[in-house]
Amino acid sequence: MKNTVITLLLAALPTVAMAVKVPYENNELLKKEVISNYANMALVNYKDSLVGAQNLQVNIEGFLANATEVSFEAAKDVWANSARMPYGQSEIFRFYNGPVDFEPIDDGITTHLEEIEFVGVEGLMNAWPLDEFYIDYVKEDSEAGIINDRSIKLNKEILTSLNEREGEKNISTGYHAIEFLLWGQDRSLETAGERPYTDYVVGGTAENQDRRGEYLSLLSEILVDHLSGITAQWELNETNFRAEFLKRNTDSVLSDIFTSLILMSGDELKSERIENALLLEDQEEEHSCFSDKTINDIYTNALGVKNVYLGEYKAFNFDTTIAGKGVSELISFVNPELDAKIKAEFDTLFNAINFFYAKTDGKVEIGNIAIPFDRAITENQVEVQVVIDSLDRVDGLLREAATELGLELEL
């Protein structure tokens, strides 16, 4: 976008024009355009995630109706790609009490989400790490878990109520519970989990195959329910979170956007999801440990940050692309050198992440993981540290950008 200019006609020199940049604080139109595009991105990203969850549900039901090695692998492929690739990017819409992680606040102001008693479901969808024995059998105990306790009735309400009961690792729902039920424990650095499809065939391996199938089916349904509720709050509607979001003071909204950018790139992705596992050299600390798809989580979380900064999103499950005004437009307006630094650091970051993907004729195959994270944290520590260091620089540059815009962040 070209910077808005004012042309001043000087009395002494009537034929000379001089361009003067409009003060940033007066450029309310640009702020609103960036925020409106952000809302459009959130809607398309969540719709994409919802379609992925619906695809997963269809494939899980297809597998349970005709349990074969082929149908089992198909369900796993949909989890890893159609379901997870868009959702990982949507995590950038966290950290400011939006629909996904909403909690009521006793501040004397009743928001739309408080008025409708909305329930934030991030912890029900993506909580980790997960204690496997809370759900199903493990190597050490063949009778462990909810599935093998036939006194526990299986329905959506009960499974939801059991999530994080008596411990934050007691995860009973969400992507990673589904992941565990599809892959099983990961006991090797050479492979992902190797749960046999016959765990779902009556008379096959393990016990309580009927309950395992019922549990997996319910989890896919719960995931669709949760994503449907979040997506509805970002739809074009006169009475939902999006409508309220777009009516708020623009600097307040931009502060929320920067809060999510900084917390995702720094605290969440750099520290919680990568650095902790590297320091401990513990695969139990990795995000998608059963499927060995953690590199995809790192890539999509980082891509979510970049998406918001540039104002771009390309859907995974349907043919839609958002290409509007992003945060970059605001930074380039006040400090083009800083904007260039941030964009260059994104290039550095993705070059570092791409190290872990397979390449064909020099072209990176996103999603085709050549070096799984559980191996990388012991065998490729230097390359993992390069990702961490780049994320740390992104964090710092984004903090500098927020200061340039005069935003007050509570971090």
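## A guided tour of cavities, rings and selected residues

The largest cavity has a volume of about 40 Å³. The model in the viewer is a predicted one, and the structure holds 2 cavities of 30 Å³ or more.

**First stop: the largest cavity.** Select Ile274, Ile295, Ile298, Ile353, Phe356, Phe373, Val384 and Val387, which line the largest cavity. Helix 10 (294-310) and helix 14 (381-404) are the elements that each give two or more residues to this lining. By class, the lining consists of 8 nonpolar residues, with no polar and no charged residues.

**Second stop: the second largest cavity.** Next, select Val34, Asn37, Tyr38, Met41, Ile257, Val308, Gly311, Lys325, Gly326 and Val327 to display the lining of the second largest cavity. Its volume is about 40 Å³. Which element gives the largest share of this lining? Helix 1 (residues 28-65) does, with 4 residues. The lining of the second largest cavity has 6 nonpolar, 3 polar and 1 charged residues.

Select glycine 324, found in the loop between strand 4 (321-323) and helix 11 (327-334). Glycine 324 has a relative accessibility of 30% and therefore counts as partly exposed. Beyond its neighbours within four places in sequence, glycine 324 is in contact with Asn37, Leu310 and Gly311. Of these contacts, Asn37 and Gly311 also belong to the lining of the second largest cavity. A distance to display here is the one between the C-alpha atoms of glycine 324 and glutamate 312, which is 6.4 Å for residues 12 apart along the chain.

The whole structure contains 19 aromatic pairs. Begin with tryptophan 79 and tryptophan 183: the ring centres are 5.3 Å apart and the planes stand at 70°, so this pair is edge-to-face. Because tryptophan 79 lies in helix 2 (residues 69-90) and tryptophan 183 in helix 6 (residues 175-183), the pair ties together parts 104 residues apart in sequence. Are these two residues buried or exposed? Both tryptophan 79 and tryptophan 183 are buried.

Then select Tyr38, Tyr46, Phe93, Tyr96, Trp234, Phe241 and Phe245, a cluster linked by ring pairs.

Select phenylalanine 180 together with arginine 195, which lies over the face of the ring at 5.1 Å from its centre. Proceed to phenylalanine 350, where the charged end of lysine 306 sits over the ring, 5.1 Å from the centre.

Aspartate 339 is located in helix 12 (residues 336-354). Why does aspartate 339 count as buried? Its relative accessibility is 6%, and the cut-off for buried is under 20%.

**Last stop: glutamate 61.** Return to helix 1 and select glutamate 61. With a relative accessibility of 33%, this glutamate counts as partly exposed. Apart from residues up to four places away in sequence, glutamate 61 touches Ser217 and Ser220. To end, draw the C-alpha to C-alpha distance from glutamate 61 to tyrosine 299: it spans 29 Å in space, and 238 residues separate the two in sequence.

Terms used:
Residues are numbered from 1 along each chain as its sequence is written. This is a predicted model: local features need pLDDT of at least 70, side-chain atom pairs count only at pLDDT 80 or more; totals for chains, interfaces and linings use all residues. Side-chain values use heavy atoms; hydrogens and water are left out. Buried means under 20% relative accessible area, exposed over 50%, partly exposed in between (1.4 Å probe, protein chains only). Contact means heavy atoms within 4.5 Å. Rings of Phe, Tyr and Trp (its six-membered ring) pair if their centres lie within 6.5 Å; planes under 30 degrees apart count as stacked, over 60 as edge-to-face and the rest as tilted. A charge sits over a ring if NZ of Lys or CZ of Arg is within 6 Å of the ring centre and within 35 degrees of the ring normal. On a 1 Å grid over the protein atoms alone, a cavity is a set of points where a 1.4 Å probe fits but cannot get out, and a pocket is an open set with protein on both sides within 12 Å along at least five of seven lines; lining residues have an atom within 4 Å of a point. Grid points are joined across faces, edges and corners, and a volume is the space filled by probe spheres set on the points. Ala, Val, Leu, Ile, Met, Phe, Trp, Tyr, Cys and Pro count as nonpolar, Asp, Glu, Lys and Arg as charged, and the others, Gly among them, as polar.
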